[in-house]
Amino acid sequence: MSVVPNHTLRIQGLGCERGDRRLFSALDFQLGAGEVLRVEGANGSGKTTLLRTLCGLRRPDEGEILWDGEPLARVRPEFNAELTYIGHLPGIKVDLTPLENLAVDGALHRTRPDADAMAALDAVGLFGFEDLPARTLSAGQRRRVALARLFLMDTRLWVLDEPFTALDVRGVEMLAACIDEHVARGGMVIFTTHQAIRFGSGEPRSLVLGAEGRA
Amino acid sequence: MNLFEVTRRMLRRDLLLAYRHRGELANPLVFFLIVVSLFPLSLEPDPRLLATIGSGVIWVAALLATMLSLDAMFRPDFEDGTLEQLMLSPHPVALLVLVRVFAHWLVAGLPLILLSPLLAMLMNLPGEALPALLASLALGTPVLSLVGAIGVALTVALRRSGVLLSLLVLPLYIPVLIFGARAVTDAAAGLPWSGPLLFIGALLALALTLAPLAIAGALRISLE
């Protein structure tokens, strides 16, 4: 893989509202190469809203998001080229097979030079399911199809909303190992979860929402 | 990956999805056929009367049939999260949505054009009107898909948007309807019909350049 400059994501005084309710405000943190941030908080504390705001799917109500020191709106294509987002919705077409789904993801985002969709599906434990319509897969298997993207994309920043949901014990281990490897390569990960996850690299930094938390 | 390859793969995806749902593709076509055939049944079956109203009837039916198929453009993508992935792509979103609209036109607009000679016969339109009907539909239906896509993009986040979508989009279809029906009527009367056709061409050029930007912007708002 080519040598890529290290990127930074910086959040300054970020605040979001939902309806009339203030979810969080004055949030500050910075994420650099090889760092993991775990966002915690009760249901409804704004974790998903924060993650969608970080991706640029939602405009922040106050504050700024800086990518390599530039406001997000000004570096959209460069930022998107380095971003993989997996949200609540798996973002796969149930009428397409896992292989066809990954071909679309590969068209929309930058893939690794050695990207191999079959190997990625094998890595997430979907060997033998490549050519079945995703409609016939279980919720956990569909989530695995979405997660197979992580093995294909050549992106630095992963934003994962509840990635461990619907996964079995082996799946959780597989994803934790995948995140470890990404971080070891200098990647950045922001994720939310309610489960206790053990990473090889130790306990990640955490940001607690709803308690005026700071990372 | 270059933009040509991206376009090719996205178009392939959309056509593949349409093919997997091929049962639904015929619905707007059957609707088109039924609406047009209601007129000879409800009015006097006088061939001269049918020939007079034929151009307008076929065009109105084409508008309504297009309306029926619009929701399929972005709603499924919104509901399964693939729209989020599309919006977070580093490629120009306007181009990606244009591919989506083109795929919609291929499966929903083009069949209407192919079916229209049959309806022209049903409405007793003279043979001279047929080239005008085909040409005006060929230039007009892409405008219907493009303008309709703006409406869908604006209403995709609302749960029950069917009526609202019609109220938003149908008024915007009026210019296409006027010039489309005019071209066919003029041709049937043996008059030159290039004027109205050029107007539809201008509308198409306008929609082709501006609608993708409007669709991309509307989708961004809908996702917030």
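Me: In which sense do strand β1 and β2 of chain A pair, and over how many bridges?

Reply: This is a predicted model. One position of the pairing is A:Leu14, whose bridge partner in β2(A) is A:Leu27. Strand β1 (residues 9-18) of chain A and β2(A) run in the antiparallel sense, and the number of bridges is seven.

Me: Which are the edge strands of the open sheet of chain A?

Reply: The sheet has four strands with antiparallel pairing, in the order β2-β1-β4-β5. An edge strand pairs on one side only, and in chain A this applies to β2 (21-31) and β5 (70-71).

Me: At about what angle to β1(A) does helix α1 of chain A run?

Reply: Helix α1 (residues 47-55) lies across β1, β2 and β4 (62-67) of chain A. Relative to β1(A), the helix runs at about 130°.

Me: Which element supplies the largest share of the side of chain A that touches chain B?

Reply: In total, 26 residues of chain A are in contact with 22 residues of chain B. α2 (76-81), β6 (83-86) and α3 (98-108) of chain A each supply at least two residues of that side. Its residues divide into 15 nonpolar, four polar and seven charged. The largest share, six residues, comes from α3(A).

How values were computed
Residues are numbered from 1 along each chain as its sequence is written. Chains are lettered from A and ligands numbered from 1 in the order in which they are written. This is a predicted model: local features need pLDDT of at least 70, side-chain atom pairs count only at pLDDT 80 or more; totals for chains, interfaces and linings use all residues. Two residues are in contact if their C-beta atoms, placed from the backbone, lie within 7 Å. Ala, Val, Leu, Ile, Met, Phe, Trp, Tyr, Cys and Pro count as nonpolar, Asp, Glu, Lys and Arg as charged, and the others, Gly among them, as polar. Two strands pair if DSSP finds at least two bridges between them. Axes are lines fitted to C-alpha atoms, for helices over the stretch in contact, and angles run from 0 to 180 degrees between N-to-C directions.
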